[in-house]
Amino acid sequence: MNFERSKKLWKEAQKYIPGGVNSPVRAFQSVGMDSLFICKGKGSKVYDVDGNEYIDYICSWGPLILGHSNEFIYKDMYEVLQNGTSYGLCTEQEIKLAKLIVQAYPSVDMIRMVNSGTEATMSALRLARGYTKRSKILKFEGCYHGHSDSLLVKSGSGALTFNEPTSSGVSEDAIKNTLVAPYNDIEALEKIFQIYGEELAVVIIEPVSGNMGVVPAKKEFLQKLRELTKHYETVLIFDEVITGFRLSFGGAQEVYGVQPDLTCFGKIIGGGLPVGAYGGKKEIMEMVSPLGTVYQAGTLSGNPLAMHLGYQVLSYLKGHPQVYKYIENMAKKLEEGILETIEEYQIDATVNRLKGMLSLFFTKNKVESFEEVRKCNIKIFSEYFKAMLKEGILLPPSQFEGLFLSYAHSEEDIQKTLEANKKAMLLLK
Ligand code: PMP
């Protein structure tokens, strides 16, 4: 495999862009490689500037549940584009997307569009604090909620990959009200509420964490969290930026049967354009400006192009519920095939899967917490990543990210991936 042109571009990129990347997870340095430069995506595949083809398990880190450049989704884009990309004024497209989300999530009466997942969680926190008139927030180890100051404590994703969960530049003041609890630990949760319950404005959680690899919350844990937040009148936020419209059409809250007060969305609802959103109970959402006193705004929020694309994706998903069964089935095949090879070659590794979300961890232990995730062998993951890439399989370049599947991934893609996995694991033996 030749990476000449990627190498050249990466060198040039580093002159003008910090680390050569506009988001740290795109740096392949954690797996000891230079970044790849991509010039095209179609279906389940991406193509780099050297002409290499890969079966893509990054899928833009989640938005592309229907695969790259899906023709149905794009079909009216040019028409929308011809009328302009943004007016900074109201459009009908905003209502269409908002209505679809509200109808799909019973816990969401009203929704506000923003431009990223980071904006969604940051705004939802402000709203929860405004609503409860309390300051303290609780998050969980290994969960990532974007890069706003008060949430950048013991987070997952790129921050975990680079082993610096707390960013420099975040002031003591910004995080002095942020409490962090271990994920999936009911006892610790009860203790924290006993001490801080009356002061807690909000608890934010990824109901299925995708940012320390895929680690699903235990059902009893989420139920206990709901019970405690209700009792202490603390706002419960589900960060469904990844799980929303991915785990199922109704997200993790539908799968677990636990309803939060506020939900954050991103990724899939923009279909590959920059969109985030936060929504929830009317009583809380009515506190958002201009109705209420919690200020939040955005020049490009709800822009017609992104709203249109998001609407196309969600209406396709709504009309084709088989997408979820299909993706789950693919994920299950991957899980079974990988586990079989792990067993055959006696590799210290395990797979976590919930529905269509899955991760391979290089540890022999069961992975249910951030503590277990941290014990994984990163060096072996790097070897594995490179061996898979050589076979044309593009995995997220980090042990701490899940695989993103799409409706465009075929049986043949899965078979090829499993064959590549076998070769890669043989090298690790
Ligand atoms: N929440 C979760 C659960 C995420 O996975 C991410 C991004 N991966 C974010 C929030 C932040 O979203 P964005 O990158 O769009 O700011």
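Modeller: Two strands count as paired if DSSP finds at least two bridges between them. Helices (H or I, at least four residues) and strands (E, at least two) are DSSP runs, numbered from the N terminus. By that rule, four strands in the order E1-E2-E3-E15 make an open sheet with mixed pairing. The model is predicted: local features need pLDDT of at least 70, side-chain atom pairs count only at pLDDT 80 or more, and totals for chains, interfaces and linings use all residues. Residue numbers start from 1 along each chain as its sequence is written.

Biologist: How do you know that E2 and E3 pair?

Modeller: Three bridges join strand E2 (residues 45-48) to strand E3 (residues 53-56) in the antiparallel sense. The rule asks for at least two, so they pair.

Biologist: Why are E4 and E6 called edge strands?

Modeller: Their sheet is open and has seven strands, in the order E4-E12-E11-E10-E7-E5-E6, with mixed pairing. Strand E4 (110-114) and strand E6 (178-181) each pair on one side only. From one strand to the next, the twist averages 20°.

Biologist: What makes E4 and E12 a pair?

Modeller: Strand E12 (residues 276-280) runs antiparallel to E4, with five bridges between them. At least two would be enough, so this is a pair. Ile111 bridges to Gly279 of E12. Helix H4 (residues 92-104) lies across E4, E12 and strand E11 (262-265), at about 125° to E4.

Biologist: Why is H8 called roughly parallel to H9?

Modeller: Helix H8 (residues 186-196) packs against helix H9 (residues 219-231) at about 10°, with axes 10 Å apart. Angles under 35 degrees count as roughly parallel, over 145 as roughly antiparallel, 65 to 115 as roughly perpendicular and the rest as oblique. The pair is therefore roughly parallel. H8 makes the contact with Ile186, Leu189 and Phe193, and H9 with Glu220, Phe221, Lys224, Leu225 and Leu228.

Biologist: What makes up that contact by residue class?

Modeller: Six residues are nonpolar (Ala, Val, Leu, Ile, Met, Phe, Trp, Tyr, Cys and Pro) and two are charged (Asp, Glu, Lys and Arg), with no polar ones (the others, Gly among them).

Biologist: Which residues come nearest to the ligand?

Modeller: Among the 17 residues around the ligand, the nearest are Ser116, Gly117, Thr118, Gly146 and Val241; a residue is near if its C-beta atom, placed from the backbone, lies within 6 Å. Helix H5 (residues 117-132) gives the largest share, three residues. Four residues of the shell are nonpolar, eleven polar and two charged.

Biologist: How do the domains touch, and what makes a contact?

Modeller: An automatic or database assignment sets the bounds: domain 1 is 4-70 + 343-377 + 399-428 and domain 2 is 71-319. Two residues are in contact if their C-beta atoms, placed from the backbone, lie within 7 Å. On that basis, 30 residues of domain 1 are in contact with 37 of domain 2. On the side of domain 1, strand E14 (357-361) is among the elements that give two or more residues, and E14 gives the most, four.

Definitions and conventions. Axes fitted to C-alpha atoms, helices over the stretch in contact; angles between N-to-C directions.
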